[in-house]
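Have the sequence and the model open side by side while reading. The text below goes from strands to loops and then to helices.

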Amino acid sequence: MKALDKAKKKAKITVKVGGKKEQPEDSVKVHDWKAAEETAAAQEDSAKEEESFEWVLPELDADQIEEFRPIHYTPAPKKKSIFPKKTAANRAAPAILFSVVSAVVFGALLGFVVLKFIAYGDHQTKLPNQQAEGAATGAAQQEARLPALSIGIIQAGVFSTEGAASKVSRELASKKVPSMQLSMDGQRYIFAGVADSPGTAKKMESAWKDKGVELYAKEISFSSKKVQTTTKDEQIFARETVPLFQKLAKETAAAVQNGEVSPDGMKTVGTAAGNVKKLAKVRQETLGRLKKYETAAYESLAAYQKSGNRQDLTDTEQNLLDYVKVYSGH
């Protein structure tokens, strides 16, 4: 029995280090591997019995089942990478940009085509009107010719310097005598009246003698000249201006001699002057100035016919002299 009791006591292990007997502070525990195996086997049998156990769940009424509710799961934020990944939006950006640019380009081209069609329609609509006006675009490239002009003129003197000529012009103005300076052949000429012919101009010399002015009747001629027209009205005016001027010069010279204006002569002049006045699109500089002085001469002569005021007749002669200066190009 004693031997059996001793066997049951746990044995202690003594550790020797360097031949010396060392007593550790804590005893070294030795596991009983056989007991551990038995315990593990028991746990395994228990697990098998648990798996083979038939679970019976209580029956629940439908009203007792809680309503299904979705679970809102919010994933934990991921760490951002220092190298950004291409998202679907980034991958779609080039496609979107290409679509926008294509739409803009297509819209611009479409608008351009529409404008071209509108402009073409307007051109087709306006073309008949342009043809009625003499095709203004074509007229702008056409050349007109002013006919040669030969008239009688009253000369008041010839001077070598502009200063001397200007002095005489001022003296004539103080006596209410019309005057115009014209530079030709290096000389300054002063003219004081216009007539339709040298013979008529000769008869006008005596009209100014009471003014104390010495005058000489002469003939003066200007060759034909070319002008660039921009409208059909300018082409018509270039043809009609000289004939109207000659009519005005004739009637004015007769009024200076006789003190009266011929009603029949004024009727003829009035018709021609009315036709010229209607030409509103005379834009070329030279033609415009010719029209200005020609129209003013007719209006002054018409005023003299009504009022008998001598100044109106003088104004008529002055406008005709200014017309000659513009026509000469000097």
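Gln 181 has Ile 190 of strand S6 as its bridge partner. Strand S6 covers residues 187-195 and pairs in the antiparallel sense with strand S5, residues 180-184, over five bridges. Two strands count as paired if DSSP finds at least two bridges between them. Helices (H or I, at least four residues) and strands (E, at least two) are DSSP runs, numbered from the N terminus. This is a predicted model, in which local features need pLDDT of at least 70 and side-chain atom pairs count only at pLDDT 80 or more, while totals for chains, interfaces and linings use all residues. Residues are numbered from 1 along each chain as its sequence is written, and side-chain values use heavy atoms, with hydrogens and water left out.

The pair belongs to an open sheet of four strands with the order S5-S6-S4-S7 and antiparallel pairing. S5 and strand S7 (216-222) are at the edges with a single partner strand each, so one side of each has no neighbour in the sheet. On average, neighbouring strands of this sheet are turned by 50° against each other, direction ignored. Although S5 is an edge strand, four of its five residues are buried, so S5 is largely enclosed by the rest of the structure. Here buried means under 20% relative accessible area, exposed over 50% and partly exposed in between (1.4 Å probe, protein chains only). Helix H5 (residues 162-174) lies across strand S4 (149-159), S5 and S6, and runs at about 30° to S6.

Next come the loops on either side of S5. Lys 176 lies in the loop between H5 and S5. Lys 176 is not a glycine, yet has a positive phi of about 60°, and with a relative accessible area of 54% it is exposed. Asp 185 sits in the loop between S5 and S6, a hairpin with two residues between the strands. Asp 185 is also not a glycine and has a positive phi of about 55°; at 76% relative accessibility, Asp 185 counts as exposed.

Two packed helices are described by the angle between their axes and the distance between the axes. Axes are lines fitted to C-alpha atoms, for helices over the stretch in contact, and angles run from 0 to 180 degrees between N-to-C directions. Contact means heavy atoms within 4.5 Å.

Helix H9 (residues 285-307) and helix H10 (residues 310-328) have axes that come within 8 Å and cross at roughly 165°. The contact includes Leu 290 and Tyr 293 of H9 and Leu 320 and Tyr 323 of H10. By class, the contact has 12 nonpolar, five polar and six charged residues. Ala, Val, Leu, Ile, Met, Phe, Trp, Tyr, Cys and Pro count as nonpolar, Asp, Glu, Lys and Arg as charged, and the others, Gly among them, as polar.

The axes of H7 and H9 come within 10 Å and cross at roughly 35°. Among the residues that meet there are Glu 251 in H7 and Leu 301 in H9. Glu 251, placed in helix H7 (residues 232-258), is buried, with a relative accessible area of 10%. Leaving aside neighbours within four places in sequence, Glu 251 is in contact with Ser 262, Gly 265, Met 266, Val 269 and Leu 301.
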